[in-house]
Amino acid sequence: MRKSRVFLSALLVLAACSLQAVAQSNKPSTPVATPAKAKMSNPSSADVVKGFFAAFGKGDVEGIVNSFHDKATIVAVRKGDRKGNHYGNYAGREGARAFVTVLGKTFDTQAFAVDHVIGEGNVAFASGSFTHKMKTTGKLFTSDWALKCIVQDGKILEYHFYEDSEAFRDAGK
């Protein structure tokens, strides 16, 4: 098993344990009523991420871009400048548009599955798998993936996507 898959598995276990611990530590001793109006105007972090994936699944670029906060930070696999591929940082909604554009120029998606989306407070985690055909080589790039999002004002403020970067490198050769 590749180190990156072990890392992804460990990340998902850590995320689930962290969310469970947060939920337990934030559990009120007496029930607290939440007005229905507040829930309608302020979707949960998990719902925001599910909305992002719904737009992504339809190929709705405007819906994808509008899922992001004006001050969004997008980290595709690693922090830093992009050096000849899609990995690196993107900023704001225009960065989200650039990210989606680069993905479309790089991959022909064969399969994309969202297996889990969980959220607590303003944090959401998602996981799944994909298979992309590399447009430069015609080779398949298959990976499990994980996503961590921080949500603010019903929009994705921080987006950090993890995938098997070694498989990406191999498919690009």
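Is Phe 53 buried or exposed? In this predicted model, Phe 53 counts as buried, because its relative accessibility is 10%, and the cut-off for buried is under 20%.

The chain has 173 residues, and buried ones make up 38% of them. Its secondary structure comes to six helices and six strands. Reading from the N terminus, the elements go α-α-α-α-β-β-α-β-β-β-β-α. What share of the contacts between residues at least 6 apart in sequence joins residues at least 24 apart? The share is 55%.

The six strands line up as β2-β1-β6-β5-β4-β3, making an open sheet with mixed pairing. The edge places go to β2 (88–91) and β3 (107–120); each has a single partner strand, so one side of each has no neighbour in the sheet. From one strand to the next, the twist averages 15°. In general, strands of a sheet pair through backbone hydrogen bonds, and the pairing can be parallel or antiparallel. Here, β1 (residues 68–76) and β6 run parallel and are joined by five bridges.

Helix α3 (residues 45–58) lies across β1, β3, β4 (123–134), β5 and β6, and it runs at about 170° to β3.

Now for the aromatic rings, which form 18 pairs in this structure. A pair of aromatic rings is described by the distance of the centres and the angle of the planes. For Phe 52 and Phe 53, the ring centres are 5.0 Å apart and the planes sit at 65°, so this pair is edge-to-face. Phe 52 is buried too, with a relative accessible area of 3%.

Phe 112 and Trp 145 make another kind of pair: their ring centres are 5.4 Å apart and their planes are at 20°, so they count as stacked. This pair links distant parts of the chain, with Phe 112 in strand β3 and Trp 145 in strand β5, 33 residues apart. As for burial, Trp 145 counts as buried at 1% relative accessibility, whereas Phe 112 counts as partly exposed at 28%.

Strand β5 also holds Ala 146. With 1% relative accessibility, Ala 146 counts as buried. Ala 146 and His 160 are 14 residues apart in sequence, and their C-alpha atoms are 8.4 Å apart in space.

Finally, where does Asp 153 sit? Asp 153 is in the loop between β5 (140–152) and β6 (155–163). Its relative accessibility is 64%, so Asp 153 counts as exposed. The backbone of Asp 153 is worth a look as well: phi is near 55°, a positive value in a residue other than glycine.

How values were computed: Residues are numbered from 1 along each chain as its sequence is written. This is a predicted model: local features need pLDDT of at least 70, side-chain atom pairs count only at pLDDT 80 or more; totals for chains, interfaces and linings use all residues. Side-chain values use heavy atoms; hydrogens and water are left out. Helices (H or I, at least four residues) and strands (E, at least two) are DSSP runs, numbered from the N terminus. Buried means under 20% relative accessible area, exposed over 50%, partly exposed in between (1.4 Å probe, protein chains only). Two strands pair if DSSP finds at least two bridges between them. Axes are lines fitted to C-alpha atoms, for helices over the stretch in contact, and angles run from 0 to 180 degrees between N-to-C directions. Contact means heavy atoms within 4.5 Å. Rings of Phe, Tyr and Trp (its six-membered ring) pair if their centres lie within 6.5 Å; planes under 30 degrees apart count as stacked, over 60 as edge-to-face and the rest as tilted.
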